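Here is a short briefing for a reader new to this structure. Start with the view below, then read the points by topic.

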Amino acid sequence: MGQDGAVPTVTLRSLLGRVGAVAVALGGLYVVVAIWSSDGYRNGLQALAVVACVEVIVWLLWWRPQATLAEDSLTVRNAWRSHVLSWEALCAAPTRWALDVEVPADATATGTVTGAATAAGWDGDARPRSVTVSACQRGGVIAATRHERRGSATREEYVTASQDLDAAPRRYRTHLDAADGAYLIDLYQASREEHLRLVTRLRRREQRLGRSAAGSDGGTEERPGVTSRWDVAPLVVVAVVVLGLVLALIVL
């Protein structure tokens with residue numbers, strides 16, 4: 001994945017959604033200026049309040065969603081909530097209707113899930129917990145044709161370990177649809193596992209050569225399977241805009 005050997009941090013965002021959010025904001029600003037100049041400040045403020053509500057909805061649905069693939073976890077941020085999933089807990093990433101990431105139903109913020117438990121302890125008959133990745137939407141006909149040509153068997157491994165084990169990974173930002181997002185998650189997970197195996201071997205070799213303290217074998221700690229929380233920012237923004245709309249329609 002990275003030429004320097006470190007697993008990079010990849011952020012998935014919807015480029016089309018962000019362009020659409022900016023376009024809606026510019027269109028709304030034009031409407032507000034036109035009404036303000038022709039009908040006065042009272043109607044202009046009311047139009048501004050309505051446009052602000054529309055833009056907040058667009059911001060929640062098109063701008064805010066993103067997914068961050070980091071070495072220790074997969075972070076999914078949707079309109080209202082954020083979810084942090086450990087890679088050990090990740091079971092699958094189906095794309096039937098949208099991109100979802102699935103973890104065992106018992107993977108909660110208070111229970112830890114190890115790699116062995118994921119491989120052998122998850123009951124396939126139990127319904128897994130699913131988290132939708134809103135940043136990766138379903139592609140159209142052209143995208144489906146491209147995925148079919150590419151084939152599901154295509155797989156590449158990019159990760160190599162470097163001597164500098166503490167090198168900071170680089171950060172990438174990209175726009176992917178649901179199918180490509182699922183493909184990247186599978187590739188990232190496999191590359192991360194390969195990277196961790198190589199790092200562990202290098203640390204053990206350094207221990208044998210006396211270059212590092214014993215016990216620092218790079219072992220991973222147990223992490224919560226899934227941590228979910230309500231985000232404060234969208235709640236505050238929506239409350240302020242709705243209050244402004246009510247005041248504009250009632251007071252003015």
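C53 counts as buried because its relative accessibility is 16%, under the 20% cut-off. The model is a predicted one. The points below cover its cysteines, its strand pairing and its nonpolar cores.

**Cysteines**
- C136 is buried too, since its relative accessible area is 1%, again under 20%.
- The structure has zero disulfides.
- A disulfide would be a covalent bond between the sulfur atoms of two cysteines.

**Strand pairing**
- Strand 3 (residues 73-77) and strand 4 (residues 81-86) run antiparallel, joined by five bridges.
- Three residues lie between strand 3 and strand 4, and the two strands form a hairpin.
- Within this pair, S73 stands opposite S86 of strand 4.
- Strand 4 is also joined to strand 8 (residues 226-230), by five bridges, and the two run antiparallel.
- S82 has R229 of strand 8 as its bridge partner.

**Nonpolar cores**
- In soluble globular proteins, nonpolar side chains tend to be buried together.
- Here the largest nonpolar core has 26 residues.
- L12, L69, L99, V101, V133 and I185 have the most contacts inside this core.
- Strand 1 (9-13), strand 2 (66-69), strand 3, strand 5 (100-103) and helix 5 (178-208) each give two or more residues to it.
- Helix 5 gives the most, with five residues.
- Beyond its neighbours within four places in sequence, V101 is in contact with residues including L74, L85, L90, V133 and I185.
- Another core, of five residues, lies apart from that one, and C53, V56, A79 and V241 are among its members.

Terms used. Residues numbered from 1 in each chain as written. Predicted model: local features only at pLDDT ≥ 70, side-chain atom pairs only at ≥ 80, totals over all residues. Heavy atoms only, no water. Disulfide = S-S within 2.5 Å. Buried < 20%, exposed > 50% of the residue type's maximum accessible area, 1.4 Å probe, protein only. Pairing = 2+ DSSP bridges. Helix = DSSP H or I, 4+ residues; strand = E, 2+ residues; numbered from the N terminus. Core = buried A, V, L, I, M, F, W, Y, C linked by side-chain atoms within 4.5 Å. Contact = heavy atoms within 4.5 Å.
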